[in-house]
Protein chains: 2
Amino acid sequence: MTQPDTRANTAPEPVAATMADGRELYYFYDSGTAPSATPIPDRRDLPDRPPSSELRYDPLLGEWIAFAAHRQTRTHLPPADQCPLCPSTAANPSEIPADDYHVTVFENRFPSFGPEQHAQVLGAGLGSVDPAHGRCEVVVFGADHAASLSGMGGERVRTVVEAWTHRTRALLALDGVEQVFPFENRGAEIGVTLHHPHGQIYAYPYVPARVQAQLRQVREHRERTGGNLFADVLAFELEEGARVVHRGEHWTLFVPFAARMPVEVHLMPHRHVGDLTELNDAERDELASVYHRLLRGIEALYETPTPYISAWYQAPRGRRAGGYDDGRGEYRLHLQLTSPRRAEHKLKYLAGSEAAMGAFVGDVMPEASAQALREAIVRADA
Amino acid sequence: MTQPDTRANTAPEPVAATMADGRELYYFYDSGTAPSATPIPDRRDLPDRPPSSELRYDPLLGEWIAFAAHRQTRTHLPPADQCPLCPSTAANPSEIPADDYHVTVFENRFPSFGPEQHAQVLGAGLGSVDPAHGRCEVVVFGADHAASLSGMGGERVRTVVEAWTHRTRALLALDGVEQVFPFENRGAEIGVTLHHPHGQIYAYPYVPARVQAQLRQVREHRERTGGNLFADVLAFELEEGARVVHRGEHWTLFVPFAARMPVEVHLMPHRHVGDLTELNDAERDELASVYHRLLRGIEALYETPTPYISAWYQAPRGRRAGGYDDGRGEYRLHLQLTSPRRAEHKLKYLAGSEAAMGAFVGDVMPEASAQALREAIVRADA
């Protein structure tokens, strides 16, 4: 395992602003284009922010569930002229008080976690409750309502990488935040409620179930084989080769041996880093390039855009500080992009076996899925 | 913890038959109506059964994934006159060679697990594969294509309970089967591919992830409190009361304190039994009655039928035999019925946070959900 690279990020700091109800907002600009003007103030008459949601402990599975009842009334597929992520106008006083922007990040008005942050965590038992502290942020990829991130070009993807990195560093420093999760849900078929191109970042006050399961596997693999699980998975996929979609200098893109979804691709760094803040500039450059090609390939898989969930898996808080004996130091940053689309007009549903038992049944062989994605990337590059 | 009741099931044995390609088929009849006639033979010219699917080990999460590539071409929402679950006719040689029937169970033609069964389990490591042994069965609730189980009456539900019980006993006895999972997916919104009223039973060659997580919680709760997790959860819900939907003599129906889904209700027996085969006749009678009322209540929640997943959680194999030190003896049978419907025209989607992180955010408070279900059951009873 190599030492983490702790060189400071060389990207410029974003321009910070405060929204009318006190929420934080950050403008990130594509390289070399940062404006000299200061942001326009947000002069809307907004209601107070809602209180934090409630966090309840599920004793049967040992997980915390957030209850964000105020989200039942959240904005749902608004018409384009009322889009809260478009540039603000007199007729549509949106969330972003600017005429144009590149990547903009702000605190979600209807958060599942936060606005409260505090270090206290209640004991987990029958009937345990806690305010759902933490933070939820929205990452707007640009001002064009009808665009997609894949269509915005490599420079914009690079700026998104900078925004993810900046926010990961900032959110990991907040009281009580245990896990920072940048992601993008794309496509109404998987429940997206706003069409404007955007992602989100959740900062959880606990280590989510999926990461806990991976940490158990990391420890078990170390005890059984003496090796690092992520390094060994990457070496296994590179040696097999049949599922490798792209092998770069710093990153490899592959369909995993036991992919759960009809489209599932993992992007893993060759160097052992725990989160986005530990990447160096060369790794971030290649990440932007490979991720851009991946998104263009996903777009080219079918005649119509393929819905997807793109999800960053990062080491939980405390990776560097030590004091944890649970595999955090061995956790490696990686991306998992999945889609339920199993044919032009068919989606995979997670019904009884998957939803109730957690027992997945795949419809598409991972080798075939890797081949289809390789061909789609070639088509998109042409 | 009371001793399991091991009295034999007093229900009559089903009428057994063999399908044209060798699959097993069982006819269960409503009480007092068993026919004297022998079944009509299945004279179709069917192709050989497909080979077993492939089981691959996912090292990042420690789970087995089945690859049933032949299911990509399975029957998908056929028109009613080609329904494979309707009574067989010359024009529609269906899966069931009978003019009329009550509850019919047969081996799935496109199984995710099986037809192979064997005891061997390969070690779990990088690249581990195994034939997806086990068994998948279809449970047809009756001959009427357009009916629903809730509309078929309490006597039919009682017969379904008998069928679940019979098959649980038989499937637990098969080589290599670790978990028997009876369930019903209902509604095209959640991916049901056949409208004819039916459920399924999966017999897995491993203990699924969700049950493994519960077993960990059972052990952790015992170590921390000295109590049985399921008994303590039931006592907690009965004491709180606000989420109890129905309290019977042998069963209690409640919305759990930390429900993940907008509609989620658990049905738990008061006596500590591990699976359906350990219930006595009085418990099975009350189960049929309570489950029938639950289904009618779910039907009455909205103007249109509510899609749902109804899932039986049973102790894995080996509960009685001993030799396991992993909480199996402390595992209690229960049902979880969930629906993603969060309003008349809105579904909850499992996107980034839920699907990728396993971190659930609820939209509906469990107390409000319990109240809505209580009222729906009153409306359905009226």
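Colleague: What rotation and what shift along its axis superpose chain A on chain B?

Modeller: A rotation of 180 degrees with 0.0 Å of shift along its axis does it, with an RMSD of 0.0 Å, the superposition being by least squares on the C-alpha atoms of residues with pLDDT of at least 70 in both copies. The two copies are thus related as by a two-fold rotation axis. Please keep in mind that this is a predicted model, in which local features need pLDDT of at least 70 and side-chain atom pairs count only at pLDDT 80 or more, while totals for chains, interfaces and linings use all residues. Residues are numbered from 1 along each chain as its sequence is written, and chains are lettered from A and ligands numbered from 1 in the order in which they are written.

Colleague: How many residues of chain A are in contact with chain B?

Modeller: There are 59 residues of chain A in contact with 59 residues of chain B, where contact means that the C-beta atoms, placed from the backbone, lie within 7 Å. Of the interface residues of chain A, 100% are also interface residues in chain B, so the copies meet through the same surface.

Colleague: And which helix gives the most to that side of chain A?

Modeller: Helix α2 of chain A, residues 209-225, gives the most, with eight residues; helices here are DSSP runs of H or I with at least four residues, strands are runs of E with at least two, and both are numbered from the N terminus. The side of chain A that touches chain B divides into 36 nonpolar, 15 polar and eight charged residues, counting Ala, Val, Leu, Ile, Met, Phe, Trp, Tyr, Cys and Pro as nonpolar, Asp, Glu, Lys and Arg as charged, and the others, Gly among them, as polar.

Colleague: Which strand of chain B is joined to β4 of chain A?

Modeller: Strand β17 of chain B (residues 361-362) is joined by two bridges to β4 of chain A (residues 63-67), and the two strands run parallel; strands pair if DSSP finds at least two bridges between them. The partner of A:F67 in β17(B) is B:G362.

Colleague: Changing topic, how is chain A divided into domains?

Modeller: Chain A has domain 1 (15-204) and domain 2 (210-381), with bounds from an automatic or database domain assignment. Their centres, taken over C-alpha atoms, are separated by 24 Å, and 25 residues of domain 1 of chain A are in contact with 25 residues of domain 2 of chain A. On the domain 1 side, the largest share, nine residues, comes from α1(A).

Notes
Two residues are in contact if their C-beta atoms, placed from the backbone, lie within 7 Å.
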